[in-house]
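Thanks for asking me to look this over with you.

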Amino acid sequence: MDTVTRDSGTRSTYPRSAGLRVLRVPGSRRPFSLLWHRRSAVVAVVLLLLLAAVTTLSACAGQTWVTPGEVYGILRGGQGPDRLVVGELRVPRIVLGALVGAALGLAGALVQSVTRNPLASPDVIGVGHGAAAATVLALATGMTASPNALPLVSVAGGLAAAALVWAVAWRGGMRASRFVLTGVGVGVALSAVVQLYLTDSELEQAELVKLWLTGSLNGRGWDQAGPLALVLVLSLPALVWAARALRPLGLGADTATALGFRVRRAQLGLTVLGVILAASATGAAGPIGFVALTAPQLARRLTRTPHLPLTGSALTGALTLTAADLTARTALTPLEIPAGALTALVGAPYLLWLLANKTLR
């Protein structure tokens with residue numbers, strides 16, 4: 001058995017068969033130790049290596065092939081005939097794809113942990129539809145005509161849609177089925193708003209909205225990656241708290257409440273954090289579906305943890321989206337498929353499998 005000594009002086013034991021290990025910090029005046037899951041650490045290292053391989057291949061592949069050595073030289077500031085293609089087009093796009101995938105993976109893990117339902121991802125509960133509706137309303141009313149302002153508008157719309165879903169679904173507590181069904185209903189209504197705008201708008205504005213609605217990384221780069229990276233960095237303290245809060249929540253609301261854990265406050269905080277991450281990712285790249293739905297469940301199956309792992313979900317989401325964008329960009333060269341369309345094509349069968357699964361809660 002492993003023993004963890006907390007700052008309060010309490011001691012807890014965990015069986016080695018659970019895969020948990022304790023990392024102790026020697027030489028500290030106050031006893032400190034960190035509980036970690038060995039298989040999760042191994043999976044995280046493997047996912048990092050796979051992500052590095054996919055990003056390297058994505059930087060090399062395209063209509064023109066660039067060797068890894070040339071890519072490395074360009075990243076170090078070297079000159080070359082492919083500097084514009086690699087340094088200005090491919091690398092910013094790859095970085096944005098990894099950041100968006102990580103944010104969506106984290107958002108999906110947080111929302112699914114709160115509802116204890118694998119269907120309750122941000123794109124299912126209306127965050128993407130809210131962002132799209134806010135974008136088209138801003139264009140229709142003339143509030144903004146600048147494409148650079150659309151990410152901020154979409155983030156606000158995603159947050160507003162999630163707040164509406166929470167207000168309608170919350171009736172003295174969180175019920176996963178009510179939360180999901182409310183999100184689906186709100187999403188359908190907001191989607192109708194978008195369709196009405198597209199059928200009665202000028203061609204130029206309609207094309208701008210359609211380009212954003214595809215959920216593509218094409219034409220995006222540092223301008224979108226910078227703000228999203230800032231959101232992820234600022235969210236790190238909250239994510240550390242979330243990782244600790246997920247363990248008692250995984251025991252169930254009744255058990256966590258009996259242990260003195262403030263369940264409702266934690267549920268609200270985790271949901272708000274997940275929605276902020278999802279809305280920020282949607283504002284950066286458009287509504288890319290099914291990454292937030294599939295990444296946490298895949299990470300859980302890889303790590304075999306009792307709760308959804310945040311680090312594994314982030315890395316799985318980043319790997320999924322960068323691989324999808326690489327495939328979408330190179331499969332039918334010179335034709336480019338939107339990454340959002342490819343993730344939806346792969347994620348739809350997974351959603352059908354979840355709906356048919358008898359163990360679905």
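1. A word on terms before we start: two residues are in contact here when they have heavy atoms within 4.5 Å. With that in mind, turn to Gly157, which lies in helix α5, residues 150–169. Leaving aside neighbours within four places in sequence, Gly157 is in contact with Gly130, Ala131 and Ala134. The C-alpha of Gly157 is also 8.3 Å from that of His129, a residue 28 places away along the chain. Is Gly157 buried or exposed? Gly157 counts as buried because its relative accessibility is 9%, and the cut-off for buried is under 20%.

2. Now for the whole chain. Please keep in mind that this is a predicted model. The protein chain has 14 helices and four strands. Of its 361 residues, 47% are buried. If you take the contacts between residues at least 6 apart in sequence, 67% of them join residues at least 24 apart. The accessible surface of the chain is about 18,300 Å², and carbon and sulfur atoms account for 65% of that.

3. Just after α1, Gly62 takes a positive phi of about 160 degrees.

4. Next, compare what you saw with helix α11, residues 263–285. The 23 residues of α11 should span 33 Å at 1.5 Å a residue, and the end C-alpha atoms are 33 Å apart, so expectation and model agree. Because 17 of those 23 residues are buried, α11 is largely enclosed by the rest of the structure. Just after this helix, Gly286 takes a positive phi of about 85 degrees.

5. Leu159, Leu268, Val272 and Ile276 make a nonpolar surface patch of about 290 Å². Which helix gives the largest share of this patch? That is α11, with three residues. Ile276 has its place in α11 and counts as partly exposed, because its relative accessibility is 32%.

6. Helix α8, residues 222–234, holds Gln224. The side chain of Gln224 reaches the backbone nitrogen of Gly221 at 2.8 Å. Beyond neighbours within four places in sequence, Gln224 is in contact with Leu96 and Ala284.

7. How many salt bridges does the structure hold? There are two. In one of them, the side chains of Asp325 and Arg93 meet, with N to O at 2.9 Å. Asp325 sits in helix α13, residues 310–330, and Arg93 in helix α3, residues 83–115, so to speak two distant parts of the chain, 232 residues apart. Asp325 is buried, with a relative accessible area of 3%. Arg93 counts as buried too, at 7% relative accessibility.

8. The other salt bridge joins Glu336 to Arg93, with the closest N and O atoms 2.5 Å apart. Why can this pair be said to tie together separate parts of the sequence? Glu336 lies in the loop between α13 and α14 (339–356), while Arg93 belongs to helix α3, so the pair ties together parts that are 243 residues apart in sequence. Glu336 is partly exposed, with a relative accessible area of 27%. Through shared partners, the salt bridges join Arg93, Asp325 and Glu336 into one network.

How values were computed: Residues are numbered from 1 along each chain as its sequence is written. This is a predicted model: local features need pLDDT of at least 70, side-chain atom pairs count only at pLDDT 80 or more; totals for chains, interfaces and linings use all residues. Side-chain values use heavy atoms; hydrogens and water are left out. Buried means under 20% relative accessible area, exposed over 50%, partly exposed in between (1.4 Å probe, protein chains only). Accessible areas come from the Shrake-Rupley method with a 1.4 Å probe; for residues, only the protein chains shown count as cover. Patches are made of residues with over 30% relative accessible area and no salt bridge: like charges are joined within 9 Å, nonpolar side chains (Val, Leu, Ile, Met, Phe, Trp, Tyr) within 5 Å. A salt bridge is a side-chain nitrogen of Lys or Arg within 4 Å of a carboxyl oxygen of Asp or Glu. A polar contact is a pair of N or O atoms within 3.5 Å; within protein, one must be able to donate a hydrogen and the other to accept it, and residues adjacent in sequence count only if both atoms are side-chain atoms. The expected span of a helix is 1.5 Å times one less than its number of residues.
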